[in-house]
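Here is a short report for a reader new to this structure. Please look at the sequence and the 3D view first.

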Amino acid sequence: MSRAKFPCGQTSWISRREMFHGLGAGLGMVALNAILQDELRADAASDPLAPRPAHLPAKAKSCIFLFMEGGPSHIDTFDPKPKLKEMEGQEFVRQGKFVSGMAGGKRYFVPSPFEFAQHGQSGLWFCDRLSHLAKMADELCIYRGLTVDSVNHPEACLHFNTGSRFGGEPAIGSWVTYGLGTENQNLPAFVVLPEAAPQGGPANWSSGYLPAQLQGTPLRSQGAPILDLEPRAGVTSESQRRMLDTLGGLDAEFQKQFDTDHPYAGKLRARIESYELAFRMQASVPDLVNLDNEPEYIRELYGIGKEPTDSYGRKCLLARKLIEAGTRFVQVIKGDWDAHDGIADNHGKALAVVDKPVAGLLADLKQRGLLDSTLVVCCGEFGRSPDNGMRSGKVVPGRDHNPEAMNVMLAGGGVQGGRYVGATDDVGGKAVECVHHLRDFHVTMLCLLGLDDNKLTYFHSGRFKQLSQIGGQPIAELIS
Amino acid sequence: MMRKGDNQTMRLLENQTGSAVAGGVSPSRCFPSWLRSPISLSLYVLVSLGSLPLALPLAAAEDGEALFARRVQPLLKEKCLACHGDDEAKLNGDLDMRTLSGLLKGGESEQPAIVPGKPGESPLYLSVLRTHDEWQAMPPKDNDKLDAIQTAYIKDWISAGAPWPDAARMAELLKQPDKWSSEKGVVVKTSGGLSTDWTERRYAEEDLWAYKPLAQVNVPENGESHPIDAFIADKLATQKLSPALEADARSLVRRLTLDMTGLPATADEVEKFQEECREGNRNAYERLVHRLLESQHYGEQMARRWLDVVRYADTAGFANDFERPNAWRYRDYVVRSFNQDKPFDQFIKEQIAGDEIIASKEKEATASSDLLVATTFLRLGPWEHTSMAVAAETRQQWLDDVVNAVGNSFLGLEMSCFRCHDHKFDPLPTRDYYSMQAIFAPAQFADLEAPFLPEEEKAVAQLKTAQERTKKLAENSSEKKGVNKAAQRRMERWPKAYEPLVMGVYDGPPRNSGSEKPSNPPPAVDKRKGDVMTVNLLRRGSLADPAEEVQPAVLSIISGFSSGTFETPEIAPSLDRRRLALASWIADSRHPLTARVIVNRVWGWHFGGHPLVTTPNNFGVKGSKPTHPELLDWLAGWFIDNGWSIKKLDELIVTSAAYRRSLHHPQPEQLAKVDPEGKWLATFPMRRLTAEELRDAMLMVSGELNFQPGGPPARQQMNWDAALAPVRLMSGIDIPYRPALTPAERNRRSVYTFQMRSRRDPWMEVFDQPPNELSCERRNESIVVPQAFTMMNGDFPNDRALAFATNLSHEQSDDGTRIGSAYLAIYGRQPSTHELERCRAYLAAQLEHHRQYPPAKSSIRDQVAAVSKIEPDYAADYIPDLQPEDASAQTRALADLCLVLFNTSEFLYLP
């Protein structure tokens with residue numbers, strides 16, 4: 001085996017390779033690398049963003065993770081529980097040693113306010129608010145066996161997105177990018193399209209202890225897509241060019257003091273080059289994120305230009321454009337799923353926002369031949385309970401958090417559609433078939449992208465760390 | 001055994017790319033597994049270099065049984081049985097490895113796992129080799145793989161006929177001496193692991209260097225006059241490297257001033273020092289060092305470094321990211337402590353047990369505020385308890401956090417490594433982890449009253465306007481006025497920043513303290529009696545799986561390794577003074593880690609972020625070894641002998657020739673070849689200014705820096721879009737951040753700015769300010785394109801450049817003089833002819849540009865209007881910085897030049 005020199009070693013002085021890590025930007029690595037070639041003869045392979053072969057054969061090359069923050073209810077979307085109709089209003093006793101203040105008190109069963117029907121050749125069930133997505137039934141694999149640890153939003157979000165409940169660790173997108181590099185060096189490798197900052201904050205897309213350029217780059221839907229990407233008002237291209245030329249000239253003069261062989265010379269050269277890249281990206285990035293040039297039928301497909309789908313539709317379309325342009329991992333975050341106070345109203349609104357755009361995204365990926373190579377995962381941080389407590393002294397048809405049962409929608413990326421994997425019990429309270437902890441799901445996501453969690457490790461604070469934290473088993477049924 | 005291709009999953013798991021996952025993925029340095037034997041330690045290097053065949057000296061056949069008892073069975077237990085035996089109902093691959101018959105029967109492959117006498121035909125052996133085409137690598141996790149010695153044990157045992165003695169024979173064999181560990185490795189005494197194997201395992205002695213008492217080291221006698229240089233020179237000689245010359249006077253004064261105060265030297269300071277040097281004033285440098293050590297800014301700079309270690313923030317993190325209005329008192333305490341040169345052993349004790357010191361009356365009452373404020377250290381981590389969380393879990397989170405914080409900060413140990421199991425590499429049993437936790441079990445959260453010290457009083461008084469405003473806002477915010485619950489909760493905390501409260505702890509029985517209420521007064525003193533919370537060892541770190549109760553105790557390895565010179569203290573099981581006992585133990589001059597850890601940090605702070613041990617938070621087996629071990633021990637001993645004085649240590653370090661060296665080297669090729677990483681210190685290591693230094697330097701050069709020390713944090717200017725982005729909270733959408741109203745408030749030193757966990761300043765972030773969830777042992781130094789974006793287009797550098805240009809325009813008359821002044825302020829020198837020409841040409845072109853394009857009207861008013869929805873009058877009261885529309889074309893052109901200079905490497909790097 002060619003034992004590469006990679007930063008898992010415990011004895012890293014500020015090494016070339018570490019310095020190298022500092023260099024990429026998450027953006028524009030190629031040119032910087034060229035600059036640094038001299039310094040890196042020994043370490044030619046250690047560019048964290050250069051595309052790299054996967055560990056395992058896999059169809060998926062990239063991933064779109066549609067994260068539904070707040071915990072969507074499986075019972076009211078993909079996992080019908082007719083039995084709850086019979087049990088409506090009956091009292092429910094929650095068991096368990098560690099319950100939150102929220103879960104105490106008198107509780108009762110709540111049936112779904114939505115009607116369900118089967119769709120597609122596969123006959124998958126959908127609630128009546130998912131009429132667009134239902135048309136994609138045969139592309140979807142609904143996984144019903146997942147369980148998570150936390151009932152608390154921020155911890156559960158961080159757990160799902162980073163493998164750790166407490167933050168500070170790399171996000172899935174960072175791990176995937178760390179493993180596979182990226183295809184387009186002039187775009188961020190891992191992009192986040194958030195609404196408002198989710199609970200737990202930007203730690204949800206942090207690169208943790210991995211090199212900084214693997215951090216998720218939030219692209220904003222309004223204004224400059226990347227902070228400070230655009231020149232200030234009144235600055236012309238000529239004027240900026242002049243600035244860069246002057247800067248380059250002055251820096252070159254300073255750099256002359258360092259012999260080209262000097263170990264620090266590469267650092268300075270890379271810095272100069274980063275300005276040139278920035279200049280070029282000021283032109284290329286806005287062009288990419290501009291959706292105005294998309295044909296009308298595409299915009300229609302995603303529900304752009306109409307409420308309530310416009311904003312989320314734009315994010316989904318942008319996700320597709322980014323994937324097409326070579327971004328490795330795109331995470332779209334949608335909130336407002338925390339339906340304590342009324343499923344019909346809360347989920348009714350939220351489903352209306354996402355149904356058409358998600359269906360449009362899948363259809364668009366498929367028609368472009370991208371669905372096979374793009375893994376699409378859609379879920380929240382946990383599921384919801386079949387029961388509810390009193391809210392403000394009243395009985396309301398809502399649901400609590402439920403770490404023991406949820407549904408995950410998977411599509412594309414080689415996942416066989418039109419089927420269920422696993423099952424929840426007859427009221428949707430607990431996963432009962434093909435039950436796996438979140439860490440196994442993380443391992444599975446990596447596996448579908450051709451990465452082996454046990455090999456995708458980074459030496460940090462005394463041990464090799466990995467997304468699953470302590471290792472896990474891929475869920476064989478999902479990998480087909 | 002799993003034959004490759006047995007099923008789809010495993011096929012997917014195969015590493016089809018072989019080992020060519022260079023560059024990013026594999027933990028390609030194959031560390032010997034944690035189960036490695038002592039023999040392997042000595043041979044490992046050779047084996048991994050491929051200079052030894054894998055087959056090690058064959059154990060004689062009669063040794064087969066002993067080998068099995070001593071090595072092979074423990075190996076099977078540790079590596080295999082979790083999946084192939086522990087759970088009878090769930091045998092992976094249907095292979096049972098608990099018995100010989102199970103191995104001979106084999107699993108799904110329907111082939112025996114071993115063929116006695118024939119390792120080459122035994123799937124078990126082929127699997128652990130991990131290189132066989134047909135048999136899947138086992139154990140599946142790369143991290144668990146067997147090292148060459150261990151695979152050799154398996155091989156030898158199979159070669160010897162795979163003997164499997166019965167229980168009685170096994171017991172007999174285990175009584176005999178272990179011949180495989182006679183040569184190398186030491187057994188160490190700890191409180192004991194969860195298994196005897198762990199308790200009795202051996203360590204390579206050199207790996208445990210940091211647990212050993214400090215070595216008595218003599219300064220090498222090689223003609224160097226400064227002790228540090230004597231150590232450094234020895235290593236340089238070994239590497240056949242010559243040291244660089246001393247840096248010139250201008251570089252020295254600029255380097256030292258930035259390093260010691262975090263602020264650039266002024267043109268006058270540079271000139272004065274150069275003059276003194278020209279006059280041949282021998283003590284000029286020493287005098288400069290002393291002047292800087294006495295500066296208020298010294299404490300600010302050192303505090304910023306310490307705050308990285310303790311992951312300081314002004315908010316609580318998690319969902320609500322509630323503000324911690326009194327956290328600033330801890331930050332100021334740190335600044336004060338460094339400025340007063342508080343002995344570091346005392347600094348440790350105060351932070352861990354300040355309240356218990358007061359209770360034990362070791363200190364006079366006058367100092368008690370400081371002692372209470374210090375204990376905020378214990379609560380600095382992210383923590384939240386809301387109605388959605390489980391109280392026992394959030395309490396456990398804090399216990400885990402505080403134990404890790406103490407370990408990281410003072411002992412250089414990552415405590416979380418032995419939370420779920422005995423430490424995989426270090427002699428740290430999980431029992432010790434929970435014993436340490438028991439020390440913190442009586443600590444309960446409270447906002448404690450502690451009168452302001454005079455300097456705190458002064459800092460608060462200076463912010464009177466802000467104080468009154470927050471009070472009014474808190475009183476007037478209600479849902480009737482359109483202010484939602486989330487914003488109300490935030491605002492109701494603001495006035496508390498000006499009250500003499502401390503976010504601290506007291507010793508008492510368990511008490512719920514949620515974080516949703518704005519204040520948490522302690523119970524009356526007579527109500528603090530009762531039963532202390534018991535602490536159990538938690539299996540796999542899980543609250544749901546408690547094992548035996550543990551008593552408060554410190555890490556057992558330390559006394560076990562001290563040859564009787566440093567005994568473990570007795571900690572009474574009573575409620576109080578557990579932490580004081582811990583703190584006294586850590587701050588004891590006999591403690592092997594404490595002095596080494598801090599001396600190493602201080603070294604790294606001065607030497608461009610390059611400590612002698614490159615893993616300052618991990619001095620354990622897997623931490624890096626010191627580049628200069630003798631120097632480290634000598635420094636630690638010197639430090640203790642000099643009363644744990646940080647200032648004396650600073651002085652010692654920065655007066656060395658090593659510190660004063662030039663960045664340039666006479667033989668760059670040689671340097672690049674021998675020491676590209678710069679670890680032998682032939683030159684001074686080049687480092688970029690930190691995010692904070694860069695921000696402060698720009699503000700200082702532009703003449704806008706507000707030097708006011710201390711007090712509640714300043715809301716600094718931040719990219720407007722980032723600053724005002726709404727956030728989703730449990731109780732609604734809020735705009736949690738808004739810059740302060742006046743430029744003076746916004747432009748305070750970075751150490752005094754508001755550190756919000758969920759809303760980090762993108763400017764700081766892009767220049768590698770670390771996230772503050774975890775302790776940061778060393779800053780990264782990245783070069784990323786967003787740095788260029790923000791330095792060219794961002795409001796902050798542009799506003800500073802305009803302010804700087806305005807000052808230059810006021811004072812000077814012609815372009816040449818202005819350019820000269822700018823150069824002096826930024827680099828402490830005059831421009832060269834070339835530079836002057838370039839700058840003139842640029843100025844002329846930009847002047848032409850600005851005459852042609854009048855400035856666009858600033859949109860700041862529109863932006864701040866958004867805040868007025870939840871904070872009435874904000875927009876009306878906000879005073880923007882100077883905007884382009886307020887400046888002449890000439891000033892704007894000059895600002896463009898200033899911006900260019902702010903972007904140069906000469907400004908961004910320490911000279």
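## Numbering and confidence

Residues are numbered from 1 along each chain as its sequence is written, with chains lettered from A and ligands numbered from 1 in the order in which they are written. This is a predicted model: local features need pLDDT of at least 70, side-chain atom pairs count only at pLDDT 80 or more, and totals for chains, interfaces and linings use all residues.

The model scores ipTM 0.81 and pTM 0.78. pLDDT is the predictor's confidence in each residue, from 0 to 100. Chain A has a mean pLDDT of 84. In chain A, 86% of residues reach 70 or more. For chain B the average is 87, and 91% of the residues score at least 70. Residues 5-59 of chain B stay below 50, and this stretch has 136 contacts in the model beyond near neighbours in sequence. Two residues are in contact if their C-beta atoms, placed from the backbone, lie within 7 Å.

## Chain A

Chain A holds 12 helices and 21 strands. Both are DSSP runs, numbered from the N terminus: helices are H or I with at least four residues, strands are E with at least two. Of the 480 residues in chain A, 62% are buried. Buried means 20 or more other C-beta atoms within 10 Å of a residue's own; exposed means 12 or fewer, and partly exposed lies in between, with C-beta atoms placed from the backbone.

Take the contacts in chain A with a separation of 6 or more: residues 24 or more positions apart account for 76% of them. Residues 1-46 of chain A have pLDDT under 50. The model gives that stretch 124 contacts beyond four places in sequence.

## A helix pair in chain B

Helix 35 (residues 815-827) and helix 39 (residues 889-902) of chain B have axes that come within 11 Å and cross at roughly 30 degrees. Helix 35 of chain B is therefore roughly parallel to helix 39 of chain B, a label for angles under 35 degrees.

Helix 35 of chain B contributes B:Arg818, B:Ala822 and B:Ile826 to the contact. Helix 39 of chain B brings B:Leu894, B:Leu897, B:Cys898 and B:Leu901.

## A loop residue

B:Ser225 sits in the loop between strand 2 (202-203) and helix 9 (227-239) of chain B. Is B:Ser225 buried or exposed? B:Ser225 is exposed, because 8 other C-beta atoms lie within 10 Å. B:Ser225 and B:Gln883 are 658 residues apart in sequence and 55 Å apart in space, C-alpha to C-alpha.

How values were computed. Axes fitted to C-alpha atoms, helices over the stretch in contact; angles between N-to-C directions. Parallel < 35°, antiparallel > 145°, perpendicular 65-115°, else oblique.
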